[in-house]
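Student: Hi, could you walk me through this model?
Tutor: Happy to, let's look at it together.

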Amino acid sequence: MERYYQPEIECAPREQIKALQDERLVKQVKHVWDKVPYYRKKMEEKGVTPEDIRSSDDLYKLPFLSKADLREAYPYGLMGKPLKDCVRIQSTSGTTGKRVVAFYTQHDLDLWEDCCARAIMAAGGTNEDVCQVSYGYGLFTGGPGLNGGSHKVGCLTIPTSSGNTERQIMFIQDLSATILCCTPSYAAYIGETMKEMGLTPEEIPLKAGIFGAEAWSQEMRRDIENTLGIKAYDIYGLTELSGPGVSFECSAQTGMHINEDHFIAEIIDPETGEVLPEGSQGELVFTSITKEAFPLLRYRTRDICTLTREPCPCGRTHVKMTKPQGRTDDMLIIRGVNVFPSQIETVLLNHGYPANYQIIVDRVKNTDTLDVQVEMTPEMFTDNLGDISERQKELMEGLRSMLGLTAKVTLVAPKSIVRSEGKAVRVIDKRKI
Ligand code: DLL
């Protein structure tokens, strides 16, 4: 069981990690050059050959891959192994354009599950635990990834998938689940339902949650932790690179350790593509150095974050990424001002509202409008219009000072915003419809 906490790798000195990355990168570049004509062409266009890549210091010479490349090469154009060697696909939800389909050999699945097992162990999981996986199963990577990780740790795994919230709660109680894995918005919904059932945190057997797949603020973490009486750990990943487990939080809860023996991370300026020094905020770029079937080099995630190598009290030496502050394609530009949904969430939660809100952007007479619909808690709910208008004004003020622009705030009745069992849809941008 201890095999999935690997201090000899996770706590290795920096030079040792870099040497491993260098060796794996050189090998991976050769593999891609030989097996992936799509990427080889990109390298040739940039005038780079595998001989130019002698270590990770040469990474900057390689061309980027973006979601547009994945769409162009769909479905088989970026495969590094013949189909006969592949055993699984997973896919993104494909809300915009073609879905991304990622391929896995048995070896790829194994390494992915190892990464998820590390995340569960970092959240305190052992083979004594009962781990309920309430991420969606199927094409989405959340369910299959954490299911595999949970098996490897030796937890008793409850594969509920998402949905049917009453049944989720029944299993948590009847089987004394100690770890819950799902999106943070679903964790909040499960918590809300438990509260309505009259359950107090002391009556809930859970001790930890492993929540990711969408942006969530520190304020939302605090709320979930208080409602469920647990410690809530963040986990990050994307289908293109395997799924959850690219990085995960440890007990310090100050950023997510990237599994650097499998992925090399860079931060770039999203406009110029220039690599930025450690500590700068920018777009996260990953190179997978162990994947066989879908080996992506310098893949632009569009997630905005910062990397840090500050020593971590947990002893792990792998670089940490901050919670993504947003995505380059999530950022709303409203009347020329950059707005991330996470900034709005922070203001709402700081004013005591639940994370049940929707952001509606429109354009009226050539001017952008921003309308934030926020649910009141049952305790706040009143039919006194004066009180409601006072509360709305207060929130508008909070939003103005955070965003630097005026937003309309509409307070709505408890339970009127649709709950999410997977990734929440926070923004409706009518300008794009
Ligand atoms: O969301 C994989 C996953 C499943 C991660 C379960 C964690 C837990 P995709 O559907 O391909 O894969 O979406 C990937 O989701 O580029 C981020 O923008 C966002 N994302 C994932 N984890 C986090 C997180 C899965 N912890 C995209 N915080 C990524 C913020 C996240 N955003």
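Here is a chat about domains, cores, helix packing and one serine.

Student: What should I know about the source before we start?
Tutor: This is a predicted model, where local features need pLDDT of at least 70 and side-chain atom pairs count only at pLDDT 80 or more, while totals for chains, interfaces and linings use all residues. Residues are numbered from 1 along each chain as its sequence is written, and side-chain values use heavy atoms, with hydrogens and water left out.

Student: Thanks! Which domains is the protein chain divided into?
Tutor: Domain 1 (1-327) and domain 2 (332-432), with bounds from an automatic or database domain assignment. Their centres, taken over C-alpha atoms, are separated by 30 Å.

Student: And how many residues of each are in contact?
Tutor: 23 residues of domain 1 are in contact with 16 residues of domain 2; contact means heavy atoms within 4.5 Å.

Student: Switching to cores: which residues touch the most other members in the largest one?
Tutor: Leu62, Leu78, Leu146, Leu284 and Phe286, out of 68 residues in that nonpolar core. Such a core is a set of buried (under 20% relative accessible area, 1.4 Å probe, protein chains only) Ala, Val, Leu, Ile, Met, Phe, Trp, Tyr and Cys residues joined through side-chain atoms within 4.5 Å. Helix H5 (residues 106-122) gives this core its largest share, eight residues.

Student: What does leucine 146 contact?
Tutor: Leaving aside neighbours within four places in sequence, leucine 146 contacts Cys116, Ile120, Val133, Tyr135, Cys181, Ile210, Ile235 and Pro244.

Student: How do H5 and H6 pack?
Tutor: H5 and helix H6 (residues 142-153) pack at about 70 degrees, with axes 7 Å apart. So H5 is roughly perpendicular to H6, a label for angles of 65 to 115 degrees. Helices here are DSSP runs (H or I, at least four residues), and axes are lines fitted to C-alpha atoms over the stretch in contact, with angles from 0 to 180 degrees between N-to-C directions.

Student: Which residues make that contact?
Tutor: Among them are Cys116 and Ile120 of H5 and Leu146 of H6.

Student: What about H7 and H8?
Tutor: Helix H7 (residues 165-174) and helix H8 (residues 184-196) pack at about 75 degrees, with their axes 10 Å apart. That makes H7 roughly perpendicular to H8. Residues in the contact include Ile169 and Ile172 of H7 and Tyr189 and Ile190 of H8.

Student: Last one: is serine 288 buried or exposed?
Tutor: Buried, because its relative accessibility is 1%. Serine 288 is in strand E11 (residues 281-288), strands being DSSP runs (E, at least two residues). Beyond four places in sequence, serine 288 touches Gln28, Leu241, His262, Phe263, Phe294, Pro295, Leu296 and Leu297.

How values were computed: Parallel < 35°, antiparallel > 145°, perpendicular 65-115°, else oblique. Buried < 20%, exposed > 50% of the residue type's maximum accessible area, 1.4 Å probe, protein only.
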